[in-house]
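Thank you all for coming; I would like to take a few minutes to walk through one model with you. Please have a look at it first, and then I will go through its features.

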Amino acid sequence: METAAEIVIALLLVVSGVFGLVGSYGLIKLSDPMMRLHAPTKATTLGVGGVLIASMLYFLVFGGAPSFHELMITLFLFLTAPVSAHFVAKAFLHRNIRREEVVPARHGSVWAGYSPAEDAPATGEADDRVE
Amino acid sequence: MIAYALYFAFGCFGFALLLNLWQVARAELIADRVLALDTIVINVIALLILYGVARGTAVYFEASMLFAMVGFVSTVAFCKFMLRGDVIE
């Protein structure tokens, strides 16, 4: 029983370590900023989730008592990772992409982050735009 | 066996942390730097939990919880500042 638990915990730790490394490597490797957003928010979050599950199993089998702190951290991370990714994407769009370059919104509405109506570009003087 | 897996995971997340620091120093867009800082926080959470498992104590969960909260709030504050030029209007 304990050997099986050891194998499972070790496997989880190794897999989640690889996922964390892949996420951070993708952050410097991928070319486009919107692509770069994917690596840390998906792979790294999955890696941390694996570490948390391994920790839960470890304290359940070897610590004698089940611990539920990890569930709190998992829930918090899985709730906040999409929110912060969305915020970063929005800030990037706001600073670096001109209003005319984005895909047009559905008829009669505008994208949030760009000022509504008028024909003047919303982010005329953003300083570090990419082409 | 768990000890070696722990060493491997420590190495992976430590190296990931170095890559993130490199990205913070090198990136040309501000959004990239903020994203790298957010990833640093997530990697530090993983390292803290791994350290707690290695030491066999549950004290470090509170620390990682605090890191998660502070990291989220700081990311949102950075992005809010980039979007609006102010954090709390």
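**Helices and their contacts**

Let me begin just after α2 of chain B, where B:Gly56 takes a positive phi of about 70 degrees. Before I go on, please keep in mind that this is a predicted model, in which local features need pLDDT of at least 70 and side-chain atom pairs count only at pLDDT 80 or more, while totals for chains, interfaces and linings use all residues. Residues are numbered from 1 along each chain as its sequence is written, and chains are lettered from A and ligands numbered from 1 in the order in which they are written.

Helix α2 of chain B, residues 30–55, has 26 residues and spans 37 Å from its first C-alpha to its last, close to the 38 Å expected at 1.5 Å a residue, the expected span being 1.5 Å times one less than the number of residues. Helices here are DSSP runs of H or I of at least four residues, and strands are runs of E of at least two, numbered from the N terminus. Of the 26 residues of α2(B), 19 are buried, that is, with 20 or more other C-beta atoms, placed from the backbone, within 10 Å of their own.

Turning to where the chains meet, 42 residues of chain B and 45 residues of chain A take part in the contact, where two residues are in contact if their C-beta atoms, placed from the backbone, lie within 7 Å. On the side of chain B that touches chain A, α2(B) supplies the largest share, 16 residues.

Chain A has 4 helices and 0 strands, and 34% of its 131 residues count as buried. The axes of its helices α1 (residues 2–29) and α3 (residues 38–61), lines fitted to C-alpha atoms over the stretch in contact, come within 8 Å and cross at roughly 160 degrees. That makes α1(A) roughly antiparallel to α3(A), a term used for angles over 145 degrees.

Which residues does A:Gly17 touch, leaving aside those up to four places away in sequence? This glycine, which lies in α1 of chain A, touches A:Gly47 as well as B:Phe8, B:Ala9, B:Cys12 and B:Phe13. A:Gly17 and A:Gly47 are 30 residues apart in sequence, yet 6.3 Å apart in space, C-alpha to C-alpha. A:Gly17 is also buried, with 27 other C-beta atoms within 10 Å.

Methods:
A residue is buried if 20 or more other C-beta atoms lie within 10 Å of its own, exposed if 12 or fewer, and partly exposed in between; C-beta atoms are placed from the backbone. Axes are lines fitted to C-alpha atoms, for helices over the stretch in contact, and angles run from 0 to 180 degrees between N-to-C directions. Angles under 35 degrees count as roughly parallel, over 145 as roughly antiparallel, 65 to 115 as roughly perpendicular and the rest as oblique.
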